[in-house]
Amino acid sequence: MEIQSNFSLKNYNTFGIEASAKQFVAVHSVAELKTILEEHKNEKKFILGGGSNMLLTKDIDALVIHIDLKGKKIIREDDDSVWVESQAGETWHDFVLWTIDNNFGGLENMSLIPGNVGTTPVQNIGAYGTEIKDTFISCEAINIESQEMKTFTNTECNFGYRESIFKNEIKDQYIITSVIYKLTKRNHKINTSYGDIIAELAKNNIANPTLKDVSNAVIAIRQSKLPDPKELGNSGSFFKNPILLKSDFDKIHQKFPEMKYYEVSETEVKVPAGWLIEQAGFKGKRFGDAGVHKNQALVLVNYGNATGQEILAVSRDVQKTVFETFGIHIEAEVNVI
């Protein structure tokens, strides 16, 4: 393991922000990770996965530990289900495609989400009617201070909408090293409840979709709406869709009857943040090299040389204007560093 100084993080964050790490090391095994944590026990540390859910607004004055643990395997199966384990450093989309190639169902609706496997429980990532919590069994994690390993079950993770225990009660205390998912081998629960997926399948004359068909539909939809980070710096959806109490939403809806919404429970309603941002006039707007994507207003982009501070300024302008227009606060999904 080589520790490098003044290391550029430009290629390690999907926004493509130029920022540097005081020190940088990539670890390829749990043993290496334990060694680094022990040898640098009293130093400031910053844990880096796929770099897809963060906005760097400054240099990192710490030892950046890049989690590059690779490997995936079947650990158990029966006639109906299979339990698969992936190391934290595996690219999420590649892992999803591997499960589909093996005809394992449950992750297909989350195809093409950027980032690595290790961060999926942190965010409880989700798309098109599915979330990690639906298939997640457990994860292994290492305590940064003690280097002790701990298993977190689904229940112990306290999953919520883009939330988990790793973002709240034990934030910055553990590093996830591997994750286990339970997937279907047959009688797959194909989820095509979202209109975009239905339309994409219909366009291709697919009446009885397979796992691969659903994945291909999701990939096509995402590619039509979301820019490839390799071509245009971004971190996917920058904002969460706000969830409002029905009583509060009803008052707002009276003023804006055209507002789109989805009922999430008897007492709560989810409003698409992208719709709010678009109605506030930001879709496709550019501010120097920072801006809002022309096809999806949820996505903030770096047109080349934007700083993290410039992108952060755009996000705050969007939040302020949406609140002034609709009285709704939209929260950043991305971690601002």
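Phe152 is in contact (heavy atoms within 4.5 Å) with Phe136, Ile137, Ser138, Cys139, Ala141, Cys157, Phe166, Ile170 and Tyr174, leaving aside neighbours within four places in sequence. The model is predicted: local features need pLDDT of at least 70, side-chain atom pairs count only at pLDDT 80 or more, and totals for chains, interfaces and linings use all residues. Residues are numbered from 1 along each chain as its sequence is written, and side-chain values use heavy atoms, with hydrogens and water left out. Helices (H or I, at least four residues) and strands (E, at least two) are DSSP runs, numbered from the N terminus.

**Phe152**

- Phe152 belongs to strand 11.
- With a relative accessible area of 4%, Phe152 is buried; buried means under 20% relative accessible area, exposed over 50%, and partly exposed in between (1.4 Å probe, protein chains only).
- From C-alpha to C-alpha, Phe152 and Lys45 are 22 Å apart in space, and they are 107 residues apart in sequence.

**Asn143**

- Asn143 is part of strand 10, which covers residues 136-143.
- Asn143 counts as buried because its relative accessibility is 15%.
- A polar atom of the Asn143 side chain lies 2.9 Å from the backbone nitrogen of Ser146.
- Leu37, Glu148, Gln173 and Tyr174 are in contact with Asn143, leaving aside its neighbours within four places in sequence.

**Positive phi in residues other than glycine**

- Asn124 has a phi near 45°, a positive value in a residue other than glycine.
- Asn124 sits in the loop between helix 3 (120-123) and strand 8 (126-127), and is buried at a relative accessible area of 0%.
- Arg162 is not a glycine either, and its phi is positive at about 55°.
- The loop between strand 11 (149-153) and strand 12 (174-184) holds Arg162, which is buried with a relative accessible area of 11%.

- Two packed helices are described by the angle between their axes and the distance between the axes.
- Axes are lines fitted to C-alpha atoms, for helices over the stretch in contact, and angles run from 0 to 180 degrees between N-to-C directions.
- Helix 2 (residues 92-101) and helix 5 (residues 211-225) have axes that come within 9 Å and cross at roughly 155°.
- Helix 2 is therefore roughly antiparallel to helix 5; angles under 35 degrees count as roughly parallel, over 145 as roughly antiparallel, 65 to 115 as roughly perpendicular and the rest as oblique.
- His93, Leu97, Ile100 and Asp101 of helix 2 make this contact with Leu211, Lys212, Ser215 and Ile219 of helix 5.
- By class, the contact of helix 2 with helix 5 has four nonpolar, two polar and two charged residues; Ala, Val, Leu, Ile, Met, Phe, Trp, Tyr, Cys and Pro count as nonpolar, Asp, Glu, Lys and Arg as charged, and the others, Gly among them, as polar.
- Helix 4 (residues 195-203) packs with helix 5 at an angle of about 110°, and their axes are 9 Å apart.
- Helix 4 is therefore roughly perpendicular to helix 5.
- In that contact, Asp196, Ile197, Glu200 and Leu201 of helix 4 meet Asp213, Ala217, Val218, Ala220, Ile221 and Lys225 of helix 5.
- The residues of the contact of helix 4 with helix 5 are six nonpolar, no polar and four charged.

**Thr321**

- Thr321 is located in helix 8, residues 308-326.
- Ala280 and Phe282 are touched by Thr321, not counting residues up to four places away in sequence.
- Thr321 and Leu276 are 9.7 Å apart in space, C-alpha to C-alpha, and 45 residues apart in sequence.

Notes:
A polar contact is a pair of N or O atoms within 3.5 Å; within protein, one must be able to donate a hydrogen and the other to accept it, and residues adjacent in sequence count only if both atoms are side-chain atoms.
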